[in-house]
Amino acid sequence: MKKRVAIIGFGNDAKHYYNELRRSEHFEMAAIFDGVKNSEICGRIPFYDNINDLLDSVRIDAIIVTDTHKYLNLIPKCLNFIKFIMLDPWLCKSGEIRELKYCFKSQNIGAYVAFTDRFNPVIASIKKELAKEKDIFSINIARGFSRGVNLQLEILQNIDVARFITGSEIVFSNKVSIQNDDKRSETDSLFQLKFKNQTLASIHNSKRFKAERFTIEFAANGGVYFGDMLGLKLNKYTLDGQQNLKVYGDVSPIKALLNEFYQACCGAKSDLSTLEDALKAQEVCE
């Protein structure tokens, strides 16, 4: 049976969800909310600019909150009407996540954070390869942008990916950064991490690249792996040479994310990031 879902916030990021949900085998788009009146026609899907009207008029099983920082104050109003919620990552303090965890737990609501990078097809292929490996020694993640982005949000995604790959907890972290001339924002950020399973990781994000790059490299017993997260390529290097590994790029990260959200809504185990995962990533950044 399809789950009825509403989108809260209809900015640019929400449209990625909308495009997947409207043709989903698992979800029925029940409603869309945005705090600003929007004349954009979303087919036959009801559009609301008042959250109370939506909740009083439409039966929903779950909500997906985009622009989370903007609509965080509306979440308590929704709790009596839903069983599941997925939040886009947002800038906050760890205390705010703890409060949300308590709030959702007391209402018995399954809550998740949409860290989409863990559903990149390259990561899926890496997880399959690592199942054959005994140990991972090191991970290096590099994310370069040629446009303005919020580095902290990107770092949170990268830390989550590193935790997802290693399946281990961070026991040490160190940060080095370079700021703009005005000292108001960072142009580069480098995190050094040590995991409980003795894996070392470095994560470098920069706004100063001339072309966008997103790569991941890790060393394991069986060889060194190099993944291009944008080009959807994964290579393995050993003493015998280079091996091109299969990457299944026919499922987008958003579609894979929503498939996992459906599994969670059905009470099955999923690979989604929980609020606890988000909290662990946020604590490293503070």
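In this predicted model, strand 9 and strand 10 run antiparallel and are joined by seven bridges. The two strands form a hairpin with four residues between them, and within that turn Q198 adopts a positive phi of about 75 degrees. Along the pair, L193 stands opposite A201 of strand 10. On the strand 8 side, strand 9 (residues 186-195) is again antiparallel to its partner, here over nine bridges, with I178 placed opposite D188 of strand 9.

These strands belong to an open sheet of eight, ordered 8-9-10-7-11-12-13-14 and mixed in its pairing. Its edges are formed by strand 8 (170-179) and strand 14 (241-245), each of which pairs on one side only.

The side chains of R143 and E212 meet in a salt bridge, with an N to O distance of 3.9 Å. R143 lies in strand 7 (residues 136-144), while E212 sits in the loop between strand 10 (200-206) and strand 11 (213-220). The pair thus links distant parts of the chain, 69 residues apart. In total, the count of salt bridges comes to 15.

Turning to the other sheet, seven strands are arranged in the order 3-2-1-4-5-6-15, and this sheet too is open with mixed pairing. Strand 3 (47-48) and strand 15 (273-274) each have a single partner strand, so one side of each is left without a neighbour in the sheet. Strand 1 (residues 3-8) and strand 2 (residues 27-33) run parallel, joined by six bridges, and I7 stands opposite I32 in strand 2. Helix 1 (residues 12-21) packs on this sheet, in contact with strand 1, strand 2, strand 4 (62-65) and strand 5 (84-87). Relative to strand 1, the direction of helix 1 makes an angle of about 160 degrees.

At the level of domains, the assignment divides the protein into domain 1 (3-113 + 254-272) and domain 2 (117-250). Taken over C-alpha atoms, the centres of the two domains are separated by 28 Å. Eight residues from domain 1 and eight residues from domain 2 take part in the contact. Together the domains bury about 670 Å², of which 71% is on carbon and sulfur atoms. On the domain 1 side, P89, L91 and D271 supply 61% of the area buried against domain 2, more than any other three residues.

What does the polar side of this interface look like, in terms of residue pairs in polar contact? The count between domain 1 and domain 2 is one residue pair, with both residues at pLDDT 80 or more. Salt bridges across the interface number zero.

Methods. Residues numbered from 1 in each chain as written. Predicted model: local features only at pLDDT ≥ 70, side-chain atom pairs only at ≥ 80, totals over all residues. Heavy atoms only, no water. Pairing = 2+ DSSP bridges. Contact = heavy atoms within 4.5 Å. Axes fitted to C-alpha atoms, helices over the stretch in contact; angles between N-to-C directions. Domains from an automatic or database assignment. Buried area = accessible area lost by both parts, 1.4 Å probe. Salt bridge = Lys/Arg side-chain N within 4 Å of Asp/Glu carboxyl O. Polar contact = N/O pair within 3.5 Å; in protein donor to acceptor, adjacent residues only side chain to side chain.
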